[in-house]
Every structure is written in structure tokens, then in C-alpha cells.
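These are my notebook entries on one structure. I set down what I looked up, topic by topic.

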Amino acid sequence: MDKAKRKAIIAGNWKMNKTPKEAKELLSAMAPLVADADCEVIACVPYVDLATAIEATAGTNIKIGAENCHWAESGAFTGEISTGMLKEIGVEYVVLGHSERRQYFGETDETVNKRTKAALAAGLKPIVCVGELLWERECNITEEVIARQIKLDLWDVTEDELKNVVIAYEPVWAIGTGKTATADQAEEVCAFIRAQLAKLYNQDAADAVTIQYGGSMNDGNADELLSKTNVDGGLIGGASLVAEKFAAIVKAASK
Ligand code: PGA
């Protein structure tokens, strides 16, 4: 499939930044700058910002995502948030399996898979993050790591459900470090991810999936990264907290 036929998606991942008041300010500054985007624009924000963010972006082209969700519908899971809670307030996307969750909060491929299945069942669109550690890249096992994550994280996800899945390739060594993967490195792994999807599903299904790159993507390097055949968008951390920088990346994806 021609890259131009896939949906380009630029998503901000705010992480643990911005209070509701600050979220409103940032989104109000961002909205006019991305109003004519020719790609999907998403802001994934902290739980307590979601309601404010949905209200602040009503009538704009910015969609709102959460940064995680639990797999159970309800129950004794102190501190967790269910897919139904997110859905009811108008959340559309949810970041799952981010490396910070894997690294600091015990997220495993098994729990990423459970969350992914639950999100899809609730009608949320998961942005499933995969990526290798620096040590794994140095040991030349990037492909093994990615293949395993893709297989496990999407275990039991049907071909029909896959249409609502976005994959984000985020090499862990490039996140928040200022070290971007080169456009060729990003393309190599994004193409590998697509090949894995083709193996697990089929070529048509794989060709339709939006695969983002994430890891120090910014207004200076977005053009080159997004020019690659298999890089269909970006998951943006630091640069998504500055309206002009984020808008510049959206512009690069709209070409
Ligand atoms: P970064 O974060 O752009 O700050 O490197 C990306 C991410 O973690 O999603």
C-alpha cells in the first residue's frame, strides 16, 4: 500500500506534565496552529487533565488520548482507570506499553496485551509502544525484541481489531535523551514491524497500520523521519509540550 493512503498520526505524549489549567492553556494555544492539519492530531494527557482537554478541544481537530488504562471493567484495583471511564468522557486513544511504564511500573508484554484487548473491546484506539533498550541494540537483538513484543502485545487481536491499532516504535535509548534514531534506523525497524504484522496477519492488513516513530522527535528532525516509507507519524514527548514545536511536527506530517 502506498504510504499516502495510510493515516498519518502525530500524537503528543505529555507524560506527567501539565495541570488541568496548564493543559487548557497549551491546547488553546495549539488548536489554531494545527487547525489545517492534513493528518490526525492527538494529545495524550494525564488522567486528571482529560475532562478539561476534551472540553478545550471540542470543535477542533485535536483528539484526546489517555496514557494508560486497566484491563478490568471495574473492581478492586486501587489507583487504576478503566476503559469504560475513559470512553464515557470522550477519550478516543490510549497509549499502552510505553517504555516508562515497562521500566518503572512493572508493565510486561502480558499486561500490555490485556490492556490492548480491553481498550479495543471498549472502542478505544490503542497506541501500542514497542522498542529495544540500548543494550539490546548493541547485542544485535533489536529484531528479536521487536518481533517478540509485537507478537505478544497483539496476541489474540483480530484482523478486524488491528484496524484500530496504532504502533509506535520507540527505541528506549532515544526517549527523552535527545538521541534520535537516524531516519534510516527508524525506517529499518518500522519496516520490520510491518513485515511482522504481515506474517501474523497478511500484507493488506499490515499495509493499513499506522506506524509511528517516537524518541526525541522534534521540529528539526521530523521532516526527515516522516519522509521515510514506513514512518507514518510520530509519538512526541518533550516537543509536544510547546505549541509551536508540536505544530511544526504536525505541519511536517501534513505534507
Ligand atoms: P521524547 O518522548 O519525544 O521526549 O523523546 C517520546 C515518548 O516517550 O513518547
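**Entry 1: the loop between β1 and α1**

I located Lys18 in the loop between β1 and α1; helices (H or I, at least four residues) and strands (E, at least two) are DSSP runs, numbered from the N terminus. The model is predicted, so local features need pLDDT of at least 70 and side-chain atom pairs count only at pLDDT 80 or more, while totals for chains, interfaces and linings use all residues. Residues are numbered from 1 along each chain as its sequence is written, and side-chain values use heavy atoms, with hydrogens and water left out.

I noted that Lys18 has a positive phi of about 80° although it is not a glycine. Most residues other than glycine have a negative phi. At 30% relative accessibility, Lys18 counts as partly exposed (buried means under 20% relative accessible area, exposed over 50%, partly exposed in between, with a 1.4 Å probe and protein chains only).

Lys15 is also found in the loop between β1 and α1. Its phi, near 60°, is positive in a residue other than glycine. Lys15 counts as partly exposed, at 22% relative accessibility.

**Entry 2: the ligand**

I next asked which residues are closest to the ligand. The ligand is surrounded by 13 residues, and the closest are Lys15, His98, Glu170, Gly176 and Ser216; a residue is near if one of its heavy atoms lies within 4 Å.

I then looked up polar contacts (pairs of N or O atoms within 3.5 Å; within protein, one must be able to donate a hydrogen and the other to accept it, and residues adjacent in sequence count only if both atoms are side-chain atoms). A polar side-chain atom of Asn13 lies 3.4 Å from an oxygen atom of the ligand. For Gly176, a backbone N or O atom lies 2.7 Å from an oxygen atom of the ligand. A polar backbone atom of Gly238 is 2.9 Å from an oxygen atom of the ligand. The protein covers 95% of the 280 Å² of accessible area that the ligand has on its own (Shrake-Rupley method with a 1.4 Å probe; for residues, only the protein chains shown count as cover).

**Entry 3: helix α12**

I asked which residues of helix α12 (residues 243–253) are buried. They are Ala243, Phe246, Ala247, Ile249, Val250, Ala252 and Ala253. The buried residues of α12 pack against β1 (9–13), α1 (20–34), β2 (40–44), α11 (222–226) and β8 (233–236), where contact means heavy atoms within 4.5 Å.
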